[in-house]
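Please examine the sequence and model shown below before reading on.

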Amino acid sequence: MRAAPRAVKVYRFNAHSAGSSSMTGAPIAKNAGKAGVKNIGHLKKADDISSVFDFRCRISSEHFIVLGKPNQLEKPRLVVMVGKKTHRHAVRRNYMRRICQENCRIKQANLGSMDIVIRVIKPFLKQDFSKINRELATVMGGLGKCRES
């Protein structure tokens with residue numbers, strides 16, 4: 001028999017009380033830092049993904065191939081593809097996927113209403129984080145040509 005999940009309360013640390021480590025204040029939500037940014041949509045159907053490939057608006061860089069297609073929705077939708085040939089360990093593939101998703105989530109206001117497929121073609125590690133962010137920003141900036149065509 002499974003036990004019921006426990007409710008967790010998160011309290012702010014009162015930094016003004018010097019020397020004491022008391023926790024005071026009202027409970028805050030765990031995702032309070034993400035209040036202004038909504039989650040980016042995901043392409044789930046194979047037909048939607050293949051239509052982005054068929055649109056043929058493609059931008060390549062050292063680590064990524066990014067494909068884009070305008071959609072009729074008011075928000076961007078995203079798919080990140082990291083194959084086993086890119087890196088054999090699932091932990092590394094998931095890290096690459098998370099970095100791409102988070103980067104797109106933060107910059108979704110600049111993406112407009114687009115369906116975006118990001119294929120990771122070369123593995124990267126945590127040491128390359130700033131380089132990868134710059135590269136993704138450059139590639140995402142180039143998606144503007146997909147909206148015009």
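The model is predicted: local features need pLDDT of at least 70, side-chain atom pairs count only at pLDDT 80 or more, and totals for chains, interfaces and linings use all residues. Numbering runs from 1 along each chain as its sequence is written, and side-chain values use heavy atoms, leaving out hydrogens and water.

The protein contains 5 helices and 5 strands, where helices (H or I, at least four residues) and strands (E, at least two) are DSSP runs numbered from the N terminus. Along the sequence their pattern is β-α-β-β-β-α-α-β-α-α. Of its 149 residues, 32% are buried, that is, under 20% relative accessible area with a 1.4 Å probe, protein chains only.

Helix α2 has 17 residues, which should span 24 Å at 1.5 Å a residue; the end C-alpha atoms are 24 Å apart, so the two agree. The expected span is 1.5 Å times one less than the number of residues. The buried residues of α2 include Tyr95, Met96 and Ile99. Their cover includes these elements, by contact (heavy atoms within 4.5 Å):

| Element | Residues |
|---|---|
| β3 | 64-70 |
| β4 | 77-82 |
| α3 | 108-111 |
| β5 | 114-120 |
| α4 | 129-141 |

Arg93 lies in α2. Arg93 is buried yet has no salt bridge (side-chain nitrogen of Lys or Arg within 4 Å of a carboxyl oxygen of Asp or Glu). The nearest side chain of opposite charge, Asp128, is 17 Å away; Lys and Arg count as positive and Asp and Glu as negative, with His and the chain ends not counted. Leaving out residues up to four places away in sequence, Arg93 touches Val82, Gly83, Lys84, His87 and Arg88.

How values were computed
Buried < 20%, exposed > 50% of the residue type's maximum accessible area, 1.4 Å probe, protein only.
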